[in-house]
Amino acid sequence: MSAHRRKTSHPARRPRRPRPRRPRRPRRFRIARTLLVAACALAVMGAAGAWYVYRDLAGSIGSSKALEGAEKSKYGDTNILLMGLDSRRDQNGEKLPEEVLDKLHAGSSDIGGYNANTLILLHVPGDGSQAKAFSVPRDDFVDIPGQGQDKIKKAYGLAKAKEEERLSAQGVKDRRQLEREGREAGRKAQIETVRNFLGVPVDHFAELNLAGFYHLADALGGVPVCLKKPVQDKYSGADFPAGRQTLNGQQSLAFVRQRHGLDMGDLDRTKRQQAFLAGATQKLNSAGTFTDPVKLMKLIDAAKQDVVTDAGWDLLSFVKQAKNLSGGKVAFTTLPVERFGRNHGEDINVVDDMKIKRLIAEQIGPEASASAAAPSPSGAPGAPPGPGGAGPAPAASGSPAIDGGGIPCVD
């Protein structure tokens with residue numbers, strides 16, 4: 001009976017039909033699929049890498065609240081104030097190492113103070129038309145809020161000293177706190193002074209100390225510049241032949257600091273700063289810095305040491321935008337000076353502030369034509385557009401013209 005149950009409890013199983021085998025896909029299809037998977041993996045890795053770079057950049061560069069609550073530009077335009085401090089100290093107020101000072105050829109950390117010797121307003125139009133950069137000569141005699149009239153470069157240092165004095169009177173003794181809050185006051189004062197002088201909003205700013213020029217040029221592997229004639233200056237250490245050449249970090253700082261031996265002194269030094277920026281932006285593009293992770297990280301590491309920006313700036317977006325500003329796509333202008341004068345024993349530039357406001361409004365106002373020719377660095381109207389009207393330098397007494405190769409040739 002049990003045998004019968006075993007026999008009837010399991011019905012006979014039907015034989016399985018063999019499954020039809022799928023045709024094997026061609027080898028080229030398998031290779032294509034492998035490449036697609038690899039491309040997707042690389043895309044994910046690239047996105048993760050970009051996010052890491054952005055977090056590293058945004059989290060490590062000095063951040064300032066100096067622009068909180070400030071008026072913004074309209075029509076999608078962006079105004080960026082570039083401030084170069086004549087400071088031989090780091091962001092914490094500490095002295096730079098002696099070996100760095102020797103390379104800078106800039107003297108002791110105890111000199112220089114906190115003057116903003118480089119002031120450039122970079123205007124980036126929202127419609128994608130040519131960007132314009134306006135250099136403000138450092139000795140322009142202007143109104144400084146809370147200080148009366150003085151050289152525009154002094155706004156930063158005067159406000160910094162005043163704030164540190166106020167905090168010290170309240171009992172603050174922490175040296176780093178005094179430095180940090182003093183610098184914030186200096187930034188606010190310098191930005192407000194430039195904003196009032198030019199009559200336009202400042203949307204973002206970047207602050208760079210003396211060592212920044214050195215580190216930037218070094219990170220780029222040198223910056224191309226062009227000189228109309230050879231120069232030699234013991235004060236800055238500038239010693240260069242005529243023509244186009246690539247300067248390392250130490251040479252770049254000497255190049256932008258030279259004013260002795262130049263016909264127009266500080267005004268010629270302002271043109272040197274413009275030429276350096278034109279060369280640096282060209283190098284950014286030609287060297288493939290934006291597409292080379294190693295070069296980009298080196299540039300970011302340099303920025304961490306010397307740069308402070310406003311807290312609301314999306315730096316990743318600007319890094320992408322900066323690529324479009326390279327290759328001679330910025331027109332440089334030096335704001336005009338009426339005459340030279342003296343104030344309390346110091347040389348000053350006498351300026352017509354209303355004339356300058358009109359010039360700025362004509363160049364970057366909403367009614368300005370995007371196709372209008374930009375002034376040259378000397379402020380002369382009608383000069384060809386480009387970085388300071390870049391092109392072959394005028395030939396001197398029968399000498400062949402010097403070709404800057406897309407960057408301005410300067411004295």
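The dialogue below takes the labels one by one and sets values against definitions.

Student: What should I keep in mind about the source of the coordinates?
Tutor: This is a predicted model, in which local features need pLDDT of at least 70 and side-chain atom pairs count only at pLDDT 80 or more, while totals for chains, interfaces and linings use all residues. Residues are numbered from 1 along each chain as its sequence is written, and side-chain values use heavy atoms, with hydrogens and water left out.

Student: Why is Gln 273 called buried?
Tutor: Its relative accessible area is 8%, and Gln 273 is therefore buried. Gln 273 belongs to helix α8 (residues 266-286), and, leaving aside neighbours within four places in sequence, Gln 273 is in contact with Asn 117, Thr 118 and Val 256, where contact means heavy atoms within 4.5 Å.

Student: What makes Glu 94 partly exposed?
Tutor: Glu 94 has 26% relative accessibility, so it counts as partly exposed. Glu 94 is found in the loop between β2 (78-85) and α3 (98-104), and, not counting residues up to four places away in sequence, Glu 94 touches Arg 89, Arg 175 and Arg 176. Arg 175 lies 81 residues from Glu 94 along the chain, and their C-alpha atoms are separated by 9.9 Å.

Student: Why do Tyr 75 and His 344 count as exposed?
Tutor: Tyr 75 counts as exposed because its relative accessibility is 62%, and His 344 counts as exposed because its value is 78%. Tyr 75 sits in the loop between β1 (62-64) and β2, and its phi is near 60°, a positive value in a residue other than glycine. His 344 sits in the loop between β14 (339-343) and β15 (346-350), and has a positive phi of about 50° although it is not a glycine.

Student: Which residues of α9 are buried, and why are they said to be on the same side?
Tutor: In α9, Leu 296, Leu 299, Ile 300, Ala 302, Ala 303 and Asp 306 are buried. They cover an arc of only 160° around the axis, which puts them on the same side of α9; the arc is that of the directions from the helix axis to the C-beta atoms. The face turned away from that buried side carries the exposed residues Pro 293 and Val 294.

Student: How do you know that the buried residues of α4 share a side?
Tutor: The buried residues of α4 (residues 155-169) are Ala 155, Tyr 156, Ala 159, Lys 160, Glu 163 and Leu 167. Their arc around the axis is only 120°, which puts them on the same side of α4. Glu 165 and Ala 169 are exposed on the other side, while what covers the buried residues includes β2, β5 (141-144), β6 (148-151), α5 and β7 (204-208).

Student: Why is α5 called roughly perpendicular to α11?
Tutor: Helix α5 (residues 175-198) and helix α11 (residues 353-364) pack at an angle of about 85°, with their axes 8 Å apart. That makes α5 roughly perpendicular to α11, since angles under 35 degrees count as roughly parallel, over 145 as roughly antiparallel, 65 to 115 as roughly perpendicular and the rest as oblique.

Student: What makes α6 and α7 oblique?
Tutor: Helix α6 (residues 210-219) and helix α7 (residues 249-257) pack at about 130°, with their axes 7 Å apart, and α6 and α7 are therefore oblique to each other.

Technical notes. Buried < 20%, exposed > 50% of the residue type's maximum accessible area, 1.4 Å probe, protein only. Helix = DSSP H or I, 4+ residues; strand = E, 2+ residues; numbered from the N terminus. Axes fitted to C-alpha atoms, helices over the stretch in contact; angles between N-to-C directions.
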